[in-house]
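Subject: Structure handover

Hello,

Here is the structure for you to look through. My notes on its pockets, ligand and cavities follow below.

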Amino acid sequence: METLLLDSKTWLLVLTGAGVSAESGVPTFRGLNGLWEGQPVESVASPEGFAKDPLRVWRFYSQRRAGAAEVSPNPGHTALVEWERHLGDRFLLATQNVDGLHRRAGSQRIVEMHGNLFTTRCSNVDCKRAPFPDTTVYPDGTVPGCKDCGSLLRPHIVWFGEYLDPVDLETIQGFAQRAVKAGGRLVFLAAGTSGVVYPASGMVDQARAMGGETWLVNLETTESALRFKHFIQGKSGEVLPKLGRLV
Ligand SMILES: NC(=O)c1ccc[n+]([C@@H]2O[C@H](COP(=O)([O-])OP(=O)(O)OC[C@H]3O[C@@H](n4cnc5c(N)ncnc54)[C@H](O)[C@@H]3O)[C@@H](O)[C@H]2O)c1
Ligand SMILES: [Zn+2]
């Protein structure tokens, strides 16, 4: 197997997707066949779905909270923590996962592009209340309300049809720009993601346009694999711990 050299010139930007948590026992949407309670996952992960049936949306996220609290990070998560310790500020992890497993493994330089399962916010965009940590598994049949304005609370998750936080995108772009400015070797590595969800899907093209090396670690070959220079097919929990050569 190829190895990825992580030396003092390397600036590593990692993007992870649901596949990285699969070995911890967190199902990917694909693993669920895109369905929950027999309906498309979009029905519980979109503003329209929330407007239509907030009880059902909270049932889904409460179940996911309970499920994510029971699982543990796997060797793929741990490998990324080791790489970060080695590279320091020349490492950034952008994740599409909301399960919090990267943080629990010890990752610190992390951008949670799709939000966090254990954060709740007010659904009223005019409400001043900031998103807050929330591990509550709400009993079926309840929807929490905002103590400031009385509107419904919602999970702090980027749903289908919603925009990513521009601050997060700037953090990612700023990292790549600093790498280039410093004359470093920019490496973009994606793991456990089908790469079809924008803008994650565009990150590989951006990295390449900036002269970066591109690596993909994924269980199955996807259409997006062709856009990476290096593709290693396999499970992230098996591949990542062997991939990095820390010098
Ligand atoms: N754990 C989570 O927080 C979680 C769970 C489900 C979905 N989501 C999010 O929902 C969106 C779409 O979800 P999706 O499930 O289609 O994910 P996705 O589009 O990121 O695809 C998952 C990819 O992971 C690959 N994969 C599966 N097991 C793997 C393993 N052990 N090692 C390496 N690769 C593996 C699959 O081949 C697939 O290509 C994404 O934003 C995703 O991150 C997050
Ligand atoms: Zn409010």
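This is a predicted model: local features need pLDDT of at least 70, side-chain atom pairs count only at pLDDT 80 or more; totals for chains, interfaces and linings use all residues.

Largest pocket

The largest pocket has a volume of about 1,200 Å³. Its lining is made up of 46 residues, and those closest to the centre are Ala18, Phe29, Gln96, Ser194 and Val197. Of the elements, α1 gives the most, with three residues. By class, the lining of the largest pocket holds 22 nonpolar, 16 polar and eight charged residues. At least three of the lining residues come from domain 1 (4-26 + 73-114 + 164-246), and at least three from domain 2 (35-70 + 118-157).

Second largest pocket

For the second largest pocket, the volume is about 320 Å³. Here 16 residues form the lining, and Glu112, Gly115, His156, Asp165 and Asp168 lie nearest the centre. The elements with two or more residues in this lining are β7 (115-122) and β9 (153-157). The largest share is that of β7, which gives four residues. The lining of the second largest pocket divides into seven charged, five nonpolar and four polar residues.

Ligand 1

There are 27 residues around ligand 1, and the ones that come nearest are Phe29, Val98, Asp99, Ser194 and Glu220.

For valine 98 the atom is a polar backbone atom, 2.8 Å from an oxygen atom of ligand 1. Histidine 114 has a polar side-chain atom that lies 2.8 Å from an oxygen atom of ligand 1. In asparagine 218, an N or O atom of the side chain is 2.9 Å from an oxygen atom of ligand 1. Ligand 1 exposes 840 Å² when taken alone, and the protein buries 92% of that area.

Cavities

How many cavities of 30 Å³ or more are there? The count comes to two. The largest cavity contains about 80 Å³ of space. Its lining consists of Leu13, Ile172, Gln173, Ala176, Leu186, Phe188, Met203, Gln206, Ala207 and Met210. At least two of the lining residues are supplied by each of α6 (166-181), β10 (185-191) and α7 (200-209). Eight residues of this lining are nonpolar and two are polar, while none is charged.

Regards

Definitions and conventions: Residues are numbered from 1 along each chain as its sequence is written. Chains are lettered from A and ligands numbered from 1 in the order in which they are written. Side-chain values use heavy atoms; hydrogens and water are left out. On a 1 Å grid over the protein atoms alone, a cavity is a set of points where a 1.4 Å probe fits but cannot get out, and a pocket is an open set with protein on both sides within 12 Å along at least five of seven lines; lining residues have an atom within 4 Å of a point. Grid points are joined across faces, edges and corners, and a volume is the space filled by probe spheres set on the points. Ala, Val, Leu, Ile, Met, Phe, Trp, Tyr, Cys and Pro count as nonpolar, Asp, Glu, Lys and Arg as charged, and the others, Gly among them, as polar. Domain bounds come from an automatic or database domain assignment. A residue is near a molecule or strand if one of its heavy atoms lies within 4 Å of it. A polar contact is a pair of N or O atoms within 3.5 Å; within protein, one must be able to donate a hydrogen and the other to accept it, and residues adjacent in sequence count only if both atoms are side-chain atoms. Accessible areas come from the Shrake-Rupley method with a 1.4 Å probe; for residues, only the protein chains shown count as cover.
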